[in-house]
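Morning, everyone. I have one structure to walk through today. Here it is on the screen.

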Amino acid sequence: MAGCRSHNLLAAARDLGYKTPAVAGGVSANSGLRGKLSKRCREKGLALYLPPLSLCGDNGAMIASQGYCEYCAGNLAGLGWNAVASLPIDLVG
């Protein structure tokens, strides 16, 4: 699977003309993926941005935990709501 991800990333970088692909989020903590991408980028003369491992955690569990707390408190959203990352927390509900 890591081979497929690295191929897709490098193909997208090539097609879009990017010289410094970046990988972030939980998947960027995968040591196999980090190693393969680093090697393939060196071979292709590309720089690669990988954040420090301390910043690569997957926060899905934290989001799910907060969602459960909101559900238990009766804070429910309608099915017509959409995600707005910049929405102030005090406007929710």
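**A walk through the model**

Let me start with one residue. L76 is exposed, with a relative accessible area of 58%. Exposed here means over 50% relative accessible area, buried means under 20%, and partly exposed is in between, with a 1.4 Å probe and protein chains only. L76 sits in the segment after helix 3, which covers 60-72. Together with Y68 and Y71, L76 makes a nonpolar surface patch of about 410 Å². The patch rule takes residues with over 30% relative accessible area and no salt bridge; nonpolar side chains (Val, Leu, Ile, Met, Phe, Trp, Tyr) are joined within 5 Å, and like charges within 9 Å.

Now the ground rules. This is a predicted model, so local features need pLDDT of at least 70, side-chain atom pairs count only at pLDDT 80 or more, and totals for chains, interfaces and linings use all residues. Residues are numbered from 1 along each chain as its sequence is written, and side-chain values use heavy atoms, with hydrogens and water left out.

How confident is the predictor? pLDDT is its confidence in each residue, from 0 to 100. The mean for the chain is 83, and 90% of its residues reach 70 or more. Where pLDDT is low, the predicted coordinates should not be read in detail.

Next, the overall layout. The chain has three helices and zero strands. Along the sequence the pattern is α-α-α. Helices are DSSP runs of H or I, at least four residues, strands are runs of E, at least two, and both are numbered from the N terminus.

What about the dimensions? The C-alpha atoms fill a box of roughly 55 × 25 × 20 Å along the principal axes. The radius of gyration is 18 Å, while a compact globule of 93 residues would have one near 12 Å. That radius is taken over C-alpha atoms, and the globule rule is 2.2 Å times the number of residues to the power 0.38.

Buried residues make up 15% of the 93 residues. The accessible surface comes to about 7000 Å², and 59% of it belongs to carbon and sulfur atoms. Areas come from the Shrake-Rupley method with a 1.4 Å probe; for residues, only the protein chains shown count as cover. On contacts, take pairs at least 6 apart in sequence: 65% of them join residues at least 24 apart. Contact means heavy atoms within 4.5 Å.

Let's look at some buried residues. S28 is in the loop between helix 1 and helix 2. At 0% relative accessibility, S28 counts as buried. Beyond its neighbours within four places in sequence, S28 contacts V23, R34, P51, L53 and C56.

R34 is in helix 2, residues 31-43. Is R34 buried or exposed? At 18% relative accessibility, R34 counts as buried. With neighbours within four places set aside, R34 contacts S28, A29, L50, P51, L53 and C56.

C41 is also placed in helix 2. C41 counts as buried, at 1% relative accessibility. Leaving out residues up to four places away, C41 touches L10, P21, L46, A47 and L48. From C41 to N30 is eleven residues in sequence and 16 Å in space, C-alpha to C-alpha.

On to charge pairs. Side chains of opposite charge can pair when their charged atoms come close. How many salt bridges are there? The rule asks for a side-chain nitrogen of Lys or Arg within 4 Å of a carboxyl oxygen of Asp or Glu. By that rule the count is two.

One joins D15 and R14, with the closest N and O atoms 3.0 Å apart. D15 is exposed, at 57% relative accessibility. R14 is exposed too, at 59%.

The other joins E43 and K39, at 3.8 Å, N to O. Why are E43 and K39 about one helical turn apart? Because they are four residues apart in helix 2. E43 counts as exposed at 56%, and K39 as partly exposed at 47%.

Last stop, a loop. G45 lies between helix 2 and helix 3. G45 is exposed, with a relative accessible area of 65%. G45 and G60 are 15 residues apart along the chain, and their C-alpha atoms are separated by 34 Å.

Technical notes:
pLDDT is the predictor's confidence in each residue, from 0 to 100.
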